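The stops below go from the whole chain to single side chains.

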Amino acid sequence: ETPHPLVLDFHGWSGSAEGHIWDSKWDVVGEEFGVIVVVPDGIPDAESGTRTWNVTTEYDDEFGWRCDPDREQYGESECHYSCSEWCNPSYGCVAGTTCYNDLAFIEQLIDQLKDTYNIDENHVHITGYSNGGTFTYRMFSYSEKNLAASGSVSGAPFIGKGDVPMPPRSMIDFHGRDDWTVPLLYDHSPGEGPMGEVRTIMSWDALYYYTSLSTWT
């Protein structure tokens, strides 16, 4: 039997695998083109049961904070159980996302899938939306797996800092210019960090060939 490509698709903040697949339609693509599609759930690691992917660290170095750490103006977020020993909902950028090692979780999932199914190891791809889209950047930067390509929708590499993957591999990003939640541009980033220090999708444009195919607002 011919090996099949694998696509892992990650839901957004507070989403779920069941709800996300209705929007992404990767199951339809998989059926039509013989692609194995896996849509995992994030861990419901908070009192609210909110599912997220770990995309961040608390830091203040060359890329700046991923948010304005003083949350009084922008609103507090709950601390997840995995961050409870040190998370402060009034100050910092971790509140709102889990602190579990989701990168290790997905790498173990990939290993299990390879052991179970006939997967083409040269065609393991990742994609996701919003928090899940940002998680694809983190996976693409730091995973030791042979990830062939990444596709992010309304995500960004700057949260938690992300090294540009080497050697260069295929990636595509879909983003609205007026996205105020995960900003494409500096002037659309209130609360996302000190002026001039925020790094968005364009952080990688000097190291990756960047072409804007089309733009939506």
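**Ground rules.** This is a predicted model, in which local features need pLDDT of at least 70 and side-chain atom pairs count only at pLDDT 80 or more, while totals for chains, interfaces and linings use all residues. Residues are numbered from 1 along each chain as its sequence is written, and side-chain values use heavy atoms, with hydrogens and water left out.

**Whole chain.** Colour by secondary structure: there are four helices and seven strands, where helices (H or I, at least four residues) and strands (E, at least two) are DSSP runs numbered from the N terminus. Their order from the N terminus is β-α-α-β-β-β-α-β-α-β-β. Of the 217 residues, 47% are buried (buried is under 20% relative accessible area, exposed over 50%, partly exposed in between, with a 1.4 Å probe and protein chains only). Contacts are heavy atoms within 4.5 Å; among those in the chain with a separation of 6 or more, 63% are between residues 24 or more positions apart.

**Helix H1.** Select residues 17–24. Which residues of H1 are buried? They are Ala17, His20 and Ile21. Looking down the axis of H1, these buried residues fall within an arc of 100°, so they line one face of the helix; the arc is taken from the directions from the helix axis to the C-beta atoms. Lys25 follows H1 and has a positive phi, near 65°.

**Disulfides.** Show the cysteine side chains; the structure has two disulfides, each a pair of cysteine sulfur atoms within 2.5 Å.

- Cys79 is joined to Cys87, S to S 2.2 Å. The torsion about their S-S bond is about -80°, so this disulfide is left-handed. Cys79 is partly exposed at 22% relative accessibility, whereas Cys87 is buried at 14%.
- Cys83 is joined to Cys99, S to S 1.9 Å. Here the torsion about the S-S bond is about 110°, so the disulfide is right-handed. Both cysteines lie in the loop between strand E4 (51–52) and helix H3 (102–116), 16 residues apart. Cys83 is buried, with a relative accessible area of 1%, and Cys99 is partly exposed, with 23%.

**Ring cluster.** Select Phe10, Trp53, Phe105 and Phe135, which ring pairs link into a cluster. The chain has four aromatic pairs (rings of Phe, Tyr and Trp, the last by its six-membered ring, with centres within 6.5 Å; planes under 30 degrees apart are stacked, over 60 edge-to-face and the rest tilted). Phe10 and Trp53 are edge-to-face, 5.2 Å centre to centre with 70° between the planes. This pair links strand E1 to the loop between E4 and H3, 43 residues apart. Phe10 and Phe135 are also edge-to-face, at 5.0 Å and 85°. Phe135 sits in helix H4 (residues 131–142), 125 residues from Phe10. Phe10 has 0% relative accessibility and is buried.

**Confidence.** The chain averages 79, and 73% of the residues score at least 70. Over residues 193–200 the pLDDT is below 50, with 20 contacts beyond near neighbours in sequence. Residues 205–217 also stay under 50. Where pLDDT is low, the predicted coordinates should not be read in detail.

Technical notes. pLDDT is the predictor's confidence in each residue, from 0 to 100.
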